[in-house]
Amino acid sequence: MNNILVKKQLESFLLEDLGEIDITSESAISQEATGQAKLVAKENGIMAGADIWTIGYSIIDRSISVNVFIKDGESFQKGDTIAQFTGKVIPMLAGERVLLNILQRMSGIATMTQAAINTLDDPAIRICDTRKTTPGLRMFEKYAVRCGGGFNHRRSLSDAVMLKENHILACGGITNAVNTVRAQIGHMVKVEVETTNEAEVKEAIAAKVDVIMFDNATPAEIKDYVKLVPGSIKTEASGGITLENLSSFQGTGVDYISLGCLTHSVKATDISFLLEEGL
């Protein structure tokens, strides 16, 4: 992740939560009180977002010492101490909830991504995300997918042309849609087309697109479609694919499987922030 962008986002998130004052901590705790706190895993998972704490606490109080023991992409077990912090108690508590929320969500995404890869158990197929991300958190969520061993699809609408059902309908068909965009885009921009049946797959092949998506296709249909597609065109399966049915897509021959559930239906990993005794 770009640390400059991360810091900018975190500043916004922290301002939203802090408001004018942390009225609880500043009313109950001495301004000079110092201590240690730690992050403890309450369940197994994959780490994503280790730098969030260093950057976040640098915004609130640069004197807080941050020690992260598990790197992004590494696994942790229930009971592991993930990180430890030393410094003034009030600023540590002020940043706790925002930073912990982001870490838990990112680690949940990384954990789910690795679970998807293990479930599919097909190294010839790459698991990737979609644009079904939380507004304001896309950078964090897509990075978390990479921490889990997955790959990113488009980061934004400006990354590539992706002609979906509504675009194709508005343009009067795949061929016309592809020809229209090809006449306007630069040579570095790839074109992907969403297809729903064999006739559309053949039309997309004839239009010489860069990527063909098989939307809501069954594993059997995908195997048939892949046989039609030349090696110069990448293939992607998407729509209706979950961790529950993902294993059935093993060996289909598709290049990519994109899963919206990695970011829109993820369960945050349970991690606790605990202030240690002896203030």
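**Figure 1. The right-handed crossing of helices α1 and α4 in the predicted model.** In this predicted model, helix α1 passes helix α4 in a crossing that is right-handed. The two helices pack at an angle of about 125 degrees, and their axes lie 9 Å apart. An angle over 145 degrees would count as roughly antiparallel and one from 65 to 115 degrees as roughly perpendicular, and α1 and α4 are therefore described as oblique to each other. On the side of α1 the residues that take part are L10, F13, L14, D17 and L18, and they meet A94, G95, R97, V98, L99 and I102 of α4. Sorted by class, the residues of this contact of α1 with α4 comprise 8 nonpolar, 1 polar and 2 charged.

**Figure 2. The packing of helix α3 on helix α4.** Helix α3, which covers residues 50-60, and helix α4, which covers residues 89-120, have axes that come within 10 Å and cross at roughly 150 degrees. Since angles over 145 degrees count as roughly antiparallel, this crossing makes α3 roughly antiparallel to α4. The crossing of α3 past α4 is right-handed. From α3 the contact uses I52, W53, G56, Y57 and I60, while α4 contributes P91, M92, A94, G95, E96, L99, L100, I102, L103 and M106. Divided by class, the residues in the contact of α3 with α4 are 12 nonpolar, 2 polar and 1 charged.

Figure 3. Helix α5, made of residues 138-147, is mostly covered, with 7 of its 10 residues buried. Which residues of α5 are buried? They are F140, E141, K142, Y143, A144, V145 and C147, a set that includes the charged residues E141 and K142. The buried residues of α5 pack against several other elements, namely helix α1 (3-18), strand β2 (45-46), helices α3 and α4, and helix α10 (261-264). Just after α5 comes G149, whose phi is positive, at about 100 degrees.

**Figure 4. Q104, a buried residue of helix α4.** Q104 has its place in helix α4. Is Q104 buried or exposed? Its relative accessible area is 11%, and because a residue under 20% counts as buried, Q104 is classed as buried. Apart from residues up to four places away in sequence, Q104 touches R97, A268, T269, D270 and I271. Q104 and I222 are 118 residues apart along the chain, and 35 Å separates their C-alpha atoms.

Figure 5. Y225 is found in helix α9, which is formed by residues 219-228. With a relative accessibility of 8%, Y225 counts as buried. If neighbours within four places in sequence are left aside, Y225 is in contact with T196, N197, E198, V201, F214 and A217. Y225 and N179 lie 46 residues apart in sequence, and from C-alpha to C-alpha they are 23 Å apart in space.

Figure 6. D121 sits in the loop between α4 and β6 (126-128), and its phi is near 55 degrees, a positive value in a residue other than glycine. D121 is exposed, with a relative accessible area of 53%. K208 has its place in the loop between α8 (198-206) and β9 (211-215), and its phi, near 60 degrees, is likewise positive in a residue other than glycine. The relative accessibility of K208 is 66%, and K208 counts as exposed.

**Figure 7. The chain to which the close-up views belong.** The chain has 10 helices and 12 strands, and its C-alpha trace spans about 70 × 40 × 25 Å along the principal axes. Of the 279 residues in the chain, 44% are buried.

Methods: Residues are numbered from 1 along each chain as its sequence is written. This is a predicted model: local features need pLDDT of at least 70, side-chain atom pairs count only at pLDDT 80 or more; totals for chains, interfaces and linings use all residues. Side-chain values use heavy atoms; hydrogens and water are left out. Axes are lines fitted to C-alpha atoms, for helices over the stretch in contact, and angles run from 0 to 180 degrees between N-to-C directions. Helices (H or I, at least four residues) and strands (E, at least two) are DSSP runs, numbered from the N terminus. Angles under 35 degrees count as roughly parallel, over 145 as roughly antiparallel, 65 to 115 as roughly perpendicular and the rest as oblique. A crossing is left-handed if the near helix is turned anticlockwise from the far one by less than a right angle, and right-handed if clockwise. Contact means heavy atoms within 4.5 Å. Buried means under 20% relative accessible area, exposed over 50%, partly exposed in between (1.4 Å probe, protein chains only).
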